[in-house]
Amino acid sequence: MTNERRVLVAADGDALAASIAARFLTKTVDLLDELEFVNVVLEGGRVAIKVLENINSSPARDSVDWSRVHFWWGDERWVPADDPERNDGKARRALLDHIEIPAENVHNYPASDSGIDLDEAARVYAAALAEFGNGENGLPRFDITFLGVGPDGHTASLFPDRAEVLEREATVVAVRNSPKPPAERLSLTRHVINSSQRIWVELSGADKASVLGLALAGAAYSEVPIAGMKGRKRTVFFVDKEAASEVPENLIAPTY
């Protein structure tokens, strides 16, 4: 395992989303040649949804045996199931409603109208992780985990200078008084994310340049949470030129 970090730069946001989608399709087909099934962790940011839309519109979309792919989420907003801001709903509209994937392969977080409270919802998702725990530490083997990044350096719903980003025992945390609305959320914890084989970080826009620079410079993850995320095999930062403006040249791989 190389635990390698790379930065790949695309010309703009549209090229970024198209390139990630193409790479995802190719990698997933390759993984399915080796593995019985593949676990993918999604996120709900703007770039992420454009990636899913590009996957859906790709001629190669149906080259993937979606019946052998399981989708999870890094985090979710604690809102009703039909709220348009839920990450799972955005992913469903962008891709999941358009592919032949069994319902049981899509692992949604509970919703705020599901009849349980936020803490119980965290326990329910933690139990789902344990049920599919075919990897180390009783967790699913996450083959590809997508992460977005906020201008403050947060990723999933792990925000700077908060207890959740330091959590070492729980696999899922309930987040209250989030600095970004809605105030209540659910999130995988850092050690769960870092159990992923591959972490693909998606960043677009000039407002992400400084936080990307801090992450690559080794900032403390308590202050810049994305700095503490590292896949077991590889971590790739997929960025556009605006987001890459503060990245040292020696860290940038050839333009793709």
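Trainee: How many aromatic pairs does the count come to?
Mentor: This is a predicted model, in which local features need pLDDT of at least 70, side-chain atom pairs count only at pLDDT 80 or more, and totals for chains, interfaces and linings use all residues. Side-chain values use heavy atoms, with hydrogens and water left out, and residues are numbered from 1 along each chain as its sequence is written. Rings of Phe, Tyr and Trp (its six-membered ring) pair if their centres lie within 6.5 Å; planes under 30 degrees apart count as stacked, over 60 as edge-to-face and the rest as tilted. By this rule the number of aromatic pairs is eight.

Trainee: What kind of aromatic pair do Trp72 and Tyr125 form?
Mentor: A pair of aromatic rings is described by the distance of the centres and the angle of the planes. For Trp72 and Tyr125 these are 6.0 Å and 75°, and the pair is edge-to-face.

Trainee: How many residues apart in sequence are the parts that this pair of Trp72 and Tyr125 ties together?
Mentor: Helices (H or I, at least four residues) and strands (E, at least two) are DSSP runs, numbered from the N terminus. Trp72 lies in strand β3 and Tyr125 in helix α4, so the distance along the sequence between the parts they tie together is 53 residues.

Trainee: Is Trp72 buried or exposed?
Mentor: Buried means under 20% relative accessible area, exposed over 50%, and partly exposed in between (1.4 Å probe, protein chains only). Tyr125, at 1%, counts as buried. Trp72 has a relative accessible area of 0%, so Trp72 is buried.

Trainee: In which strand does Phe142, the other partner of the pair with Trp72, lie?
Mentor: The ring centres of Trp72 and Phe142 are 6.1 Å apart and their planes stand at 75°, so this pair is edge-to-face. Both Trp72 and Phe142 are buried. The pair ties together parts 70 residues apart in sequence, because Trp72 lies in β3 and Phe142 in strand β5.

Trainee: Which strands stand at the edges of the sheet, each with a single partner strand?
Mentor: Two strands pair if DSSP finds at least two bridges between them. The open sheet has three strands in the order β4-β7-β6, paired antiparallel. One side of each edge strand is left without a neighbour in the sheet, because each has a single partner; these are β4 (75-77) and β6 (172-175).

Trainee: Which residue in β7 stands opposite Asp75?
Mentor: Strands β4 and β7 (residues 185-188) run antiparallel and are joined by three bridges. Opposite Asp75 stands Ser187.

Trainee: Through which helix does the chain cross from β8 to β9?
Mentor: Six of the seven residues of β9 (residues 234-240) are buried, so this strand is largely enclosed by the rest of the structure. Strands β8 (residues 198-203) and β9 run parallel, joined by six bridges. A crossover is right-handed if, with the strands pointing away from the viewer, the path from the first strand over the helix to the second runs clockwise. This β-α-β crossover is right-handed, and its helix is α6.

Trainee: Which residue just after α6 takes a positive phi?
Mentor: Helix α6 has six of its eight residues buried, so it is largely enclosed by the rest of the structure. The buried residues include Ala209 and Leu216. Just after α6, a positive phi of about 90° is taken by Gly218.

Trainee: What is the relative accessible area of Gln197?
Mentor: Gln197 sits in the loop between α5 (190-193) and β8. Leaving aside neighbours within four places in sequence, Gln197 is in contact with residues including Arg141, Phe142 and Arg234. Gln197 is buried, because its relative accessible area is 13%.

How values were computed:
Contact = heavy atoms within 4.5 Å.
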